[in-house]
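Subject: Structure handover, pockets

Hello,

Please find the structure below. My notes on its pockets follow.

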Amino acid sequence: MSGVPFVDLGRMHNPLEAELKEVFEQILSTGAFNLGVELERFEAEFAAYCGAAHCVGICDGTEALRLALVAMGAGPGTEVVTTPSTFIATVEAVAATGARPVLADIDPATRCLDPERVAAAIGPNTVAVVPVHLYGRPAPMAELREACGEIPLLEDAAQAHGADLDGRRTGTLGRAAGFSFYPTKNLGALGDGGAVVTDDEDLAAVVRSMRHHGSAADDANQHVRPGRTSRLDNLQAALLSVKLRELDRWNEERRTAAARYRDALDGLPITLPQDDPPGGSQVFHLFAVELDDRDRVRDELRAAGIGAAIHYPNPAHLNPAWSELAAPGDLPAAESLAARTLSLPMFPGIEDAEIDRVAEALRTALG
Ligand SMILES: *Cc1c(COP(=O)(O)O)cnc(C)c1O
């Protein structure tokens with residue numbers, strides 16, 4: 001029986017090869033690599049895709065989150081509430097502003113921030129709350145808005161390009177959103193990339209300035225605030241424009257694959273991802289199941305040639321660098337997810353027969 005890769009980007013890129021090469025050749029010939037028309041075009045396209053007024057292209061997703069947080073007032077002496085069940089970048093972005101990350105536990109059903117825990121974690125110095133749409137499932141934004149009152153929400157939408165809730169796409173569900181275009185994300189560059197998406201014109205202007213050395217909007221040589229080099233390259237922006245046209249189809253293929261997994265895994269002693277939230281849909285950045293004896297099962301799948309992976313083996317506070325944020329046992333739902341979660345192969349172009357092979361191998365491992 002042949003194996004199944006965890007992810008195969010070639011199945012997305014091969015059909016686009018001629019177009020992607022053409023983009024590269026065109027940018028090579030113009031010699032315009034930064035802050036050019038390709039970046040402006042992609043920003044307009046991605047803002048329109050999300051249904052938002054503004055998109056500002058940033059060098060990576062972590063930096064997009066950091067810049068949005070600074071623009072929302074995060075800094076030394078402030079606190080930002082977020083989830084321990086995430087890629088560590090969410091917590092790093094908060095800490096990089098000088099704000100203190102405050103971790104609230106997840107709801108084990110959605111695997112996203114629990115609104116009640118968030119309400120309890122908010123204090124007088126809280127300036128923002130960062131929900132993560134984990135694995136591509138939109139966090140319960142209406143309940144979080146309710147729990148947060150006046151405190152703004154920054155979506156970490158790095159895993160949820162195109163997911164929607166109550167008729168709105170991610171990027172428009174909070175004050176602002178940070179996206180990553182890391183190659184394996186639902187929309188990925190051919191390298192690193194990110195974006196801040198928002199309806200807030202002032203916030204977009206501050207982020208736009210900070211990504212380019214704090215320049216004034218009308219004079220790049222007037223530095224009106226501290227900044228640095230945080231721009232998205234023209235080349236990556238132009239490549240992303242090509243790939244953005246395929247995003248809805250790719251997300252649909254992920255949903256179709258998830259539905260087949262649901263059928264194929266029926267009856268096994270594992271927890272499947274929850275169904276779509278009412279009034280919304282998820283985009284399955286990952287297809288993560290939960291099970292006992294996870295490490296053994298992962299090893300058996302790998303021995304059978306099945307690319308299974310763990311996202312993430314440690315909740316934020318159980319990493320050595322972040323152990324001061326909470327003690328072991330403080331965030332039991334996040335700790336349980338980390339101990340039990342297993343990501344199965346999921347990517348656009350995965351074949352039905354491959355999903356069936358994964359399911360069969362899992363059935364054998366659980367035998
Ligand atoms: C990928 C990711 C990020 C960071 O994005 P980079 O582009 O790698 O910096 C942030 N948050 C989450 C949840 C992610 O999955």
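Helix α4 gives the largest share of the lining of the largest pocket, 3 residues. Helices (H or I, at least four residues) and strands (E, at least two) are DSSP runs, numbered from the N terminus. The model is predicted: local features need pLDDT of at least 70 and side-chain atom pairs count only at pLDDT 80 or more, while totals for chains, interfaces and linings use all residues. Residues are numbered from 1 along each chain as its sequence is written, and side-chain values use heavy atoms, with hydrogens and water left out.

A pocket here is an open set of points on a 1 Å grid over the protein atoms alone, where a 1.4 Å probe fits, with protein on both sides within 12 Å along at least five of seven lines; lining residues have an atom within 4 Å of a point. Volume is the space filled by probe spheres set on the points, which are joined across faces, edges and corners.

The largest pocket has a volume of about 430 Å³. Its lining has 25 residues, with F87, Y182, T184, K185 and Y312 nearest the centre. Both α4 (61-71) and α5 (89-96) supply at least two lining residues. Domain 1 (10-244) and domain 2 (247-365), with bounds from an automatic or database domain assignment, each contribute at least three.

The second largest pocket holds about 310 Å³ of space. It is lined by 17 residues, and R208, S209, R211, A216 and A217 are the closest to its centre. Two or more lining residues come from each of α3 (37-50), α8 (201-210), β10 (215-216) and β11 (219-223).

Regards
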